[in-house]
Amino acid sequence: MKDICESERSKLQRWGKFQLPNTYKKIGWSIVIGTFLLMIAKKFVDEPTWVKPVLRNAMILGFLIVSISKEKIEDELMASLRATSYRLALIIGVLYALVQPYVTYAIESLLDPGNAELDNGYFQVLLYILLVQILFFNALKRSS
Amino acid sequence: MKNNLKVQRAIKDLTQEDLAKLLGVSRQTINSIEKNRYVPSTVLALKLSKVFEISVNAIFELENGD
């Protein structure tokens, strides 16, 4: 049992420390800026329906690469700041995603009362993020 | 927690950049420790103690409320 816990801890810690090298930060920002420019450009031309979701996903991927890329000197201060930023991002992101549909609904109700719809499209993503965070936290706590 | 890192650095005639290189951290980390904005890990505190050739207690001091 002790061996299983030890193996679980080392695996989680190894994955928890995963980061891309600093050079990937430039690649990530290039993807973000490139997709942003393409999003602006596509407003002036007719494009197939698949273009918009692909560009959105590419932008999210770019931001993810930036987020998990190391700083030039990735030391313990950076690790601490990174942990704080992820914690804040999770809390603010969840609150935003909970409130945002109601704000949109309220505005749509004022502008077009007949067609206002309450869209909770973020439910599955938020549920997944929170469940993963809670599961990992408990696994790390159990094995530390 | 307060510290006298700046004084110790002056005694050894080291810049923040010099100290950062010796410890393998960024200059920003040294600056944050000196400004009491960041409390270093035990490992980093021991490395500082080794560089300045004094005990950790001679660099860091607990304050009321710590």
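Reader: Let's start in chain B: how are α2(B) and α3(B) oriented to each other?

Author: Bear in mind that this is a predicted model. The general idea is that two packed helices are described by the angle between their axes and the distance between the axes. Here α2(B) and α3(B) pack at an angle of about 110°, and their axes are 8 Å apart. Angles of 65 to 115 degrees count as roughly perpendicular, so α2(B) and α3(B) are roughly perpendicular to each other. Their crossing is right-handed.

Reader: Which residues of α2(B) and α3(B) meet?

Author: From α2(B) come B:Gln16, B:Glu17, B:Leu19, B:Ala20 and B:Leu23, and they meet B:Arg27, B:Ile30, B:Asn31 and B:Glu34 in α3(B). Sorted by class, this contact of α2(B) with α3(B) has four nonpolar, two polar and three charged residues.

Reader: Let's follow the chain past α2(B). Is B:Ser26 buried or exposed?

Author: B:Ser26 sits in the loop between α2 and α3 of chain B. With a relative accessible area of 9%, B:Ser26 is buried. Leaving aside its neighbours within four places in sequence, B:Ser26 is in contact with B:Ala20, and also with A:Ile73 and A:Asp75 of the other chain.

Reader: Over to chain A. At what angle do α2(A) and α3(A) pack?

Author: Helix α2 (residues 23-41) and helix α3 (residues 51-67) of chain A pack at about 155°, with their axes 7 Å apart. That angle makes α2(A) roughly antiparallel to α3(A), since the cut-off for that label is over 145 degrees. The crossing of this pair, α2(A) and α3(A), is left-handed. On the α2(A) side, the contact includes A:Tyr24, A:Gly28, A:Trp29, A:Val32 and A:Phe36, while α3(A) brings residues including A:Leu55, A:Met59, A:Gly62 and A:Phe63. By class, the residues of the contact of α2(A) with α3(A) divide into 13 nonpolar, three polar and two charged.

Reader: And what about the loop that joins those two helices? How far apart in space are A:Pro48 and A:Lys25?

Author: A:Pro48 lies in the loop between α2 and α3 of chain A. From C-alpha to C-alpha, A:Pro48 and A:Lys25 are 30 Å apart, at a sequence separation of 23 residues. A:Pro48 is partly exposed, with a relative accessible area of 41%.

Reader: Let me try another pair. How are α4(A) and α5(A) oriented to each other?

Author: Helix α4 (residues 76-111) and helix α5 (residues 123-143) of chain A pack at about 150°, with axes 11 Å apart. The two, α4(A) and α5(A), are therefore roughly antiparallel to each other. α4(A) passes α5(A) in a left-handed crossing. A:Leu90, A:Gly93, A:Val94 and A:Ala97 of α4(A) make the contact with A:Leu126, A:Ile129, A:Leu130 and A:Gln133 of α5(A). The contact of α4(A) with α5(A) has six nonpolar, two polar and no charged residues.

Reader: Last topic, the backbone. Which residue just after α2(B) takes a positive phi?

Author: Most residues other than glycine have a negative phi, and most peptide bonds are trans. Just after α2(B), the residue is B:Gly24, with a positive phi of about 75°. Two other cases in chain B are not glycines. B:Asn36 has a positive phi of about 60° and lies in the loop between α3 and α4 of chain B. At 42% relative accessibility, B:Asn36 counts as partly exposed. For B:Glu53, phi is positive too, near 55°. B:Glu53 is in the loop between α4 and β2 (60-61) of chain B, and B:Glu53 is exposed, with a relative accessible area of 62%.

How values were computed: Residues numbered from 1 in each chain as written. Chains lettered and ligands numbered in written order. Predicted model: local features only at pLDDT ≥ 70, side-chain atom pairs only at ≥ 80, totals over all residues. Heavy atoms only, no water. Axes fitted to C-alpha atoms, helices over the stretch in contact; angles between N-to-C directions. Helix = DSSP H or I, 4+ residues; strand = E, 2+ residues; numbered from the N terminus. Parallel < 35°, antiparallel > 145°, perpendicular 65-115°, else oblique. Left-handed = near helix turned anticlockwise from the far one by under 90°. Contact = heavy atoms within 4.5 Å. Nonpolar A, V, L, I, M, F, W, Y, C, P; charged D, E, K, R; others polar. Buried < 20%, exposed > 50% of the residue type's maximum accessible area, 1.4 Å probe, protein only.
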